[in-house]
Amino acid sequence: FFFFKQKTAYEIVDCDWSSRVLFRSGSGPIPGAINPLLVLSGVTSADAGDYSCAISSAGATTTTNAGRVTVLASSPSPGYIRALSLRGNVGSGADVFVIGFVLEGAGGRVLVKSIGPGLAALGVPGAMVDPRLDLTVAGSNLALGGNDNWGGAADLISANVETAAFPLADPASRDAALLRTLPNGVYLATASGVANTTGVSLVEFYGLDNPANLYALSLRGRIGTGADIFVAGFVIAGSTAKTVLIKVVGPGIAALGVPGAMADPQLELTAAGSNAFLGGNDNWGGTADLTAANIAASAFPLTDPGSKDAMLLITLPPGVYLATARGAAETTGVALLEFYGQ
């Protein structure tokens, strides 16, 4: 049972139970709330309360613990990228997952996680047995720490609850988690398997303290087919819309000598839960708006209008979104998936 939170959102993944329903204590089942994700938009004080999920199969029903929703009056705040998660097949060597992120202003705490055994407990096939995280300063490769097994540390538990991240319930699990307070700068978090093992992992990144200072996020890894395409979930928080530049770079990194780079990536954006299509791109085409946005973001340079790299510039209201990256005609390869707040 995995949940992302923006206002309030609960998501269930890889659930083999035949039915599920979300309900609110004292009010009964929520009409139509049978999908994997519940998003409450335009929240008012009337939405405050305790929310749970009942999952049924073969005559048996399991009900989750209640999650309390408190609605507070607040002043309008600019939209910002709050969090990013990606479930995919983490390989070895050049096929590990590398998360790049940029902190502006005062910096702050960041929580990075690589979940493997936690997914296995939910029945996800091929889940990584023993993931590891390493944090470095981009450019200098200065090591800032790592984690193999999270160990049930109190600060990690607190940060995980604060962000409403994938639950870490077993202190003895081999899931990996890092909590660091960082000044502004550019950083890399590498998710890999101990002893070069491979497998499916859920990699999560959250900005805490000063989340609006999180300027950019990127993920590099190998995009496969079927369940091994990239599906990155991200949250726009705050109370106003945010313009986001999203890119999938394959030919661009091939030009730098990256082996196995994807020849023709495609990008699609949907609203989490409803799966409403919001936009997509196959070949970016060198348009003036995308060129200007890429330069303004100091993003990975795309100088060839004829390249098959994909790019999307879109303004989004606060909410939870899914960016899907795959190869044209079911091709595979290494790609760089980037998010920039404009």
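How do strand S19 and strand S22 pair, and over how many bridges? In this predicted model, in which local features need pLDDT of at least 70, side-chain atom pairs count only at pLDDT 80 or more, and totals for chains, interfaces and linings use all residues, strand S19 (residues 265-271) and strand S22 (residues 319-327) pair in the antiparallel sense over 7 bridges. Residues are numbered from 1 along each chain as its sequence is written, and side-chain values use heavy atoms, with hydrogens and water left out. Strands are DSSP runs (E, at least two residues), as are helices (H or I, at least four), both numbered from the N terminus, and two strands pair if DSSP finds at least two bridges between them.

Strands of a sheet pair through backbone hydrogen bonds, either parallel or antiparallel. Here, 8 strands form an open sheet with antiparallel pairing, in the order S13-S10-S15-S8-S17-S22-S19-S20. Its edge strands, each of which pairs on one side only, are S13 and strand S20 (277-281), and the twist from one strand to the next averages 15°. Helix H2 packs on this sheet and touches S8, S10, S13 and strand S15 (199-207), where contact means heavy atoms within 4.5 Å. The direction of H2 makes about 95° with that of S10; axes are lines fitted to C-alpha atoms, for helices over the stretch in contact, and angles run from 0 to 180 degrees between N-to-C directions.

The whole structure contains 6 salt bridges, a salt bridge being a side-chain nitrogen of Lys or Arg within 4 Å of a carboxyl oxygen of Asp or Glu. One of them joins Arg 109 to Glu 162, with the closest N and O atoms 3.3 Å apart. Because Arg 109 lies in strand S10 (residues 108-115) and Glu 162 in helix H2 (residues 154-163), the pair ties together parts that are 53 residues apart in sequence. Arg 109, at 22% relative accessibility, is partly exposed, as is Glu 162 at 40%; buried means under 20% relative accessible area, exposed over 50%, and partly exposed in between (1.4 Å probe, protein chains only).

Another salt bridge links Asp 95 with Arg 222, the closest N and O atoms being 3.0 Å apart. Asp 95 lies in the loop between strand S8 (80-90) and strand S9 (97-103), and Arg 222 in strand S16 (residues 214-223), so this pair connects parts that are 127 residues apart in sequence. Arg 222 is partly exposed, with a relative accessible area of 30%.
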